[in-house]
Amino acid sequence: MLILKSRLFVTLFAFTLAWLTNSALSKRFCNKNRIVTSYTRCRSCSSSTRLDCPVGSSKASYGAGVRGCRYHLDVWNRRYSRYRRYRTRRYSPYVGCRHRCEKRIVDPYCCKGHWGSDCQECPGSANNSCNGNGNCHEGIRGTGQCTCQAKFTGTACEECTNLTAFGRNCSSFCDCVNGTCDSGISGNGTCYCNTGWTGPRCDQQIINCKYKSCKIHEKCVNMGNNTVCECDYGFTKNLTTGLCQEQNPCDLESSCSKSATCTKINAIRFNCSCNEGFRGDGRVCYEIDPCQYKNGGCDQQCIYTAPGQRDCFCFTGFTNTTTGCTAIDVCQQNASLCHKNANCTMTYYPGQYKCICKPGYLNVAKDCFGTILERLIDLNKEDEELKGKLDISLKLLNSSYGRELMESGPFTLFMPTSDAFNASFSKAEMEELESSMHERQRIWRLNMLAVDLRTDQLANKTIYTLHGVGSEISSSFIEV
């Protein structure tokens, strides 16, 4: 049972720590979200389902996507080029489909009372920046500096501009004649008189003090009807020696920041200086976040770790080198990113790439196809369902319309399998078919459409082949 309790405590502690961390971040950052819309390339609606949105975006359209865009179809004539060079024939724009992509962008904003890329708290506090006596240059591009009102000065406007002023609003003024005033925002204007003087303003001379001899660091004051010697302001009597010795103001409750070092100047004066890793006037010290200034000297991502310290990291998709963060070449890491007939090229964004079809190949979604004959040969060799089943069709098609299929298009082609030919023709009829160009062309005109159609556009519709015969799709087929 003790073990269970210990595990429960660790779990609760971890959860509490995570909650506190997230809560602290949520109070510093008040980010705003927005949606950026883009579109994929336009392609034929039969292949648009395979189009992908850029990395970081997601599809906001379904099925074939948004219809109505236009695309050009480029066909390369390689075999019949007169000078054995690639020639391109561009066909009129076709109506195609594309997908709408959406990407959620988070724009960084600081909550009120915070500044800089890390949204650090303004001097004073976030809820009372510049102690209410000035304006903080806040925001994601702010500097965190306080612009104080005329009566105030200091890192957080925590001091009175006039050294004789005192009180919360620095609106009252000391009028000590022969003494030291308790001035400043936290002061109350009390006068600490010099030796031989008394009164609220230390302007009343003690006559009897003329005949009173006091020791060093002592002063003469009235005590009822008598005059006595007591230690000067900033001194205290040593009970052993009976002499007044100088106090260290830093040992008392000084007004230095907890992140500052107090240095004694004399019995009543001291100096405050911020510790290493902190910035300010000593009375107010705030952490130095190196990431707030020129990204801490980091190439990409700066992470604040402690006052005056930071670590540098590269964004996802980059690696740290001697020259800084360098984009990882995903094309070199993975040769299978693109189709075998395409070249992989890095884009401007880390981890992203584009596939460019090699000359002589047509881009269809993610694939790069050559002529329709080459595509059919690949399917007959590689496709799991069609492998070895198109031998007869390829032989007859190449000898009938091989040249036309390489130079023209687009086409929708119905390919009978070898089993279909063997079931429909006897051996003698097949030999006659192979020897008759006219008959071979007639068969292929019955199985060819001079248009690009998807499978859902073929179902339950009358279609007209190149032979001019109306037909309906009644048996199953495979879309490739």
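Tutor: Val106, in strand 5, is the bridge partner of Asn33. This is a predicted model, in which local features need pLDDT of at least 70 and side-chain atom pairs count only at pLDDT 80 or more, while totals for chains, interfaces and linings use all residues. Residues are numbered from 1 along each chain as its sequence is written, and side-chain values use heavy atoms, with hydrogens and water left out.

Strand 1 and strand 5 (residues 100–107) are antiparallel and pair over eight bridges. Pairing requires that DSSP finds at least two bridges between two strands. The strands themselves are DSSP runs of E with at least two residues, helices are runs of H or I with at least four, and both are numbered from the N terminus. The sheet is open and has three strands in the order 1-5-2, with antiparallel pairing. Strand 1 (32–39) and strand 2 (58–59) each have a single partner strand and stand at the edges, so one side of each has no neighbour in the sheet.

Lys103 belongs to strand 5. Its relative accessible area is 32%, so Lys103 counts as partly exposed. On this scale buried means under 20%, exposed means over 50%, and partly exposed lies in between, with a 1.4 Å probe and protein chains only. Lys103 touches Arg34, Ile35 and Val36, and also Val55, Gly56 and Ser57, leaving out residues up to four places away in sequence. Touching, or contact, means heavy atoms within 4.5 Å. Val55 is 48 residues from Lys103 in sequence, and their C-alpha atoms are 9.2 Å apart.

Another antiparallel pair is made by strand 28 (residues 318–321) and strand 29 (residues 324–327), joined by four bridges. A hairpin of two residues connects strand 28 to strand 29, and Thr321 stands opposite Gly324 in strand 29.

Now the packing elsewhere. The largest nonpolar core has 19 residues, and those with the most contacts inside it include Leu376, Met415 and Trp444. Such a core is a set of buried Ala, Val, Leu, Ile, Met, Phe, Trp, Tyr and Cys residues joined through side-chain atoms within 4.5 Å. Helix 3 (372–382), helix 4 (391–407), helix 6 (427–435) and helix 7 (437–445) each give two or more residues to this core, and helix 4 gives the most, with six. A second, separate core of eleven residues includes Cys122, Cys130, Cys160 and Cys170.

Leu376 lies in helix 3. With a relative accessible area of 7%, Leu376 is buried. Beyond its neighbours within four places in sequence, Leu376 is in contact with Leu390, Leu394, Leu397, Leu413 and Met415. Leu390 is 14 residues from Leu376 along the chain, with 7.9 Å between their C-alpha atoms. Met415, with residues up to four places away again set aside, touches Leu376, Leu390, Ser393, Leu394, Leu397 and Trp444.

For the chain as a whole, there are eight helices and 37 strands. Of its 480 residues, 33% are buried. Among contacts with a separation of 6 or more, 44% are between residues 24 or more positions apart.
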